[in-house]
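Here is a friendly walk through the model shown below. Keep the viewer open and follow along as we go.

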Amino acid sequence: MRETLTAYLLISPQMLGFLVVVLIPLITVLVLSFTDSNLLAPDARSVGLDNYQTMVSEDPAFWRSVVTTGIFSAGLVVINVVMSLFLALVLHRKLRGAQLFLALAFLPVVTSQAAWAVVWRFLLQGEGGTVNSLLSVFSISGPNWLFEAKPALAAVTVVAALKTVGLKAVIFLAALRSIPKEAVEAARLDGASEWQVQRRVILPLLAPTTLVVVIITLIGSFQVFDYIMLMTNGGPSHATTVLAFAIYQQGFELMRTGYASALAVVLFVITLGLVAVQWWARKKWVHSE
Amino acid sequence: MALRVLLYVLLVLAVAPLVFPFLWMASSALKPPAEIFSYPPRLIPQHVAWENLSEVFRLQPFARQIWNSVYIAAAVTALTCALSLLSGYAFARLRFPGRNLLFFLLLSALMLPAEVTLIPLFKMLRLANLVDTHVPLIILPVFGATGVMATFLIRQFFQSLPPEVEEAAQLDGLGRLGIIWHIAMPLARPMLGAVAIIAFLASWNSYLEPLVFLNRVELFTVPVAITAYTDATGHPLWNVQMAATAISTLPVLLAYVLARRQITDSLAHANSR
């Protein structure tokens, strides 16, 4: 009894704060999504499912933002995981200078997203931009990256993916170190080539870690904001407006907080679905081991 | 041998886009406007424009903005450490009804994109007259995802620790708070260090919340400030912007060089749960 009281006392500061900062806003966003709430108007009226109806059947920007989110998130995960896995596999081989490479790859991780975005925006300027100047050395004439639809989406995806490569590489390296040496030795004794060892022994053993990294990266990619806001502002003509950015635009630029709340609910449901997939996949993995 | 060379080449290619922006940021921070987009691009400026650095402080109250970031991050760090020590310890060591349910509920904050709850939060904080103050920037991370992550790490830490020491202290007549203060906190020092690093970086680097909650320039934090160096038409003053960005990045990079192991392990640990 006393222990219970002490426990509640100890957790109460965090739980009360959590209630105010997370739980109540989460319930409120659901309520707001059924209203015509507007930042400029004092009162909001209930409009039933109107916001959702508009979203699905009248707002082409909604479906476009869903597709853009899909492309952005998939691209980000693939680039991020492939690069970090490659770095980890190579650096695990005790190359000279491995620590230095890892330290350099980690620099963007500690830097703010805003700084990373600002510098890349500068590098990706169309005329005289550094990236295009470098490309022109190889006689490639680069696009006006941030002002053409496809290059802009590609640019924000790559820039966002690069930022956390170092972090994911460290996570993969930790997993690599925990692989029992015997498994690798045994494969080598059986005459497996280096390539076969990497492909048939090491990569399968990394699968659980890879799954975790993919899910974390995917969930993180849904809340991308800084890169979009600072590099393209969602443009050109909404080509880089992902769902999370559409919430911000609708809510804080167009003041349509009711409609933005409906978008937020959709983003929340998608995230929830992914978390469920993660649990299911982890469970399956643990059972099959 | 050939494989070795190939691996090095691939390594350099992979790491180049991660390092190059820093070099270019530093170089452009010291270039006069005329050289910013000069062709062919040069890493070393022909004329070093030290005045870019003073422009950073002349065009905006940048020293004040750095101070804002520092004290907000310090407050977030201190509060996160304190709260997560209390509740992380309780969730790990004490038995009480609803323990798993409440912890599970807390964890949901880790999955939640910040944008989902931002609109209700803005409305609530506006009602409380807290918009255009620093209060939201302190309470949102402390009670939101950053704080929850900290509690998760502290709980995990105590679960991996045998409780015998604390039980002995209890027999010696020390109360719960005494145990937390005299025994648990010193034991958890390494994990509190990790929590402090995570909390400080999260606050120092945050951009969306200050953008939404702050209007007055003198209240800006660094990540918002570095994006606001523009000319009258709203076009970025690139060299000044790069100088401000370089100044803002320098302390973090310096901290990273000094405490590389600690920072790497903390962030990797927090992100691979």
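In this predicted model, the contact between the two chains draws 75 residues from chain A and 73 residues from chain B. On the side of chain A that touches chain B, helix H1 (residues 2-32) gives the most, with 20 residues. What kinds of residues make up that side of chain A? They divide into 56 nonpolar, 17 polar and two charged.

Now for chain A by itself. Read along the sequence, its pattern is α-α-α-α-α-α-α-α-α-α-α-α-α. The table gathers some values for this chain.

| Property of chain A | Value |
|---|---|
| Span of the C-alpha trace along its principal axes | about 75 × 70 × 35 Å |
| Buried residues | 42% of the 289 residues |
| Contacts joining residues at least 24 apart, among those between residues at least 6 apart in sequence | 68% |

Next, look at the inside. The largest nonpolar core has 163 residues, and A:Leu263 and B:Ile198 are those with the most contacts inside it. Helix H4 (residues 62-93) of chain B gives the most to this core, with 13 residues. Which residues does B:Ile198 touch, leaving aside its neighbours within four places in sequence? Its contacts are B:Thr146, B:Met149, B:Ala150, B:Ser266, B:Leu267 and B:Ala270.

An unreviewed UniProt entry lists residues 66-259 of chain B as "domain: ABC transmembrane type-1". Over that stretch of chain B, the model is 76% helix and 0% strand, and the end C-alpha atoms lie 22 Å apart.

Technical notes: Residues are numbered from 1 along each chain as its sequence is written. Chains are lettered from A and ligands numbered from 1 in the order in which they are written. This is a predicted model: local features need pLDDT of at least 70, side-chain atom pairs count only at pLDDT 80 or more; totals for chains, interfaces and linings use all residues. A nonpolar core is a set of buried Ala, Val, Leu, Ile, Met, Phe, Trp, Tyr and Cys residues joined through C-beta atoms within 7 Å. A residue is buried if 20 or more other C-beta atoms lie within 10 Å of its own, exposed if 12 or fewer, and partly exposed in between; C-beta atoms are placed from the backbone. Helices (H or I, at least four residues) and strands (E, at least two) are DSSP runs, numbered from the N terminus. Two residues are in contact if their C-beta atoms, placed from the backbone, lie within 7 Å. UniProt positions are given in the numbering used here, feature names are shortened, and annotations may be inferred rather than shown by experiment. Ala, Val, Leu, Ile, Met, Phe, Trp, Tyr, Cys and Pro count as nonpolar, Asp, Glu, Lys and Arg as charged, and the others, Gly among them, as polar.
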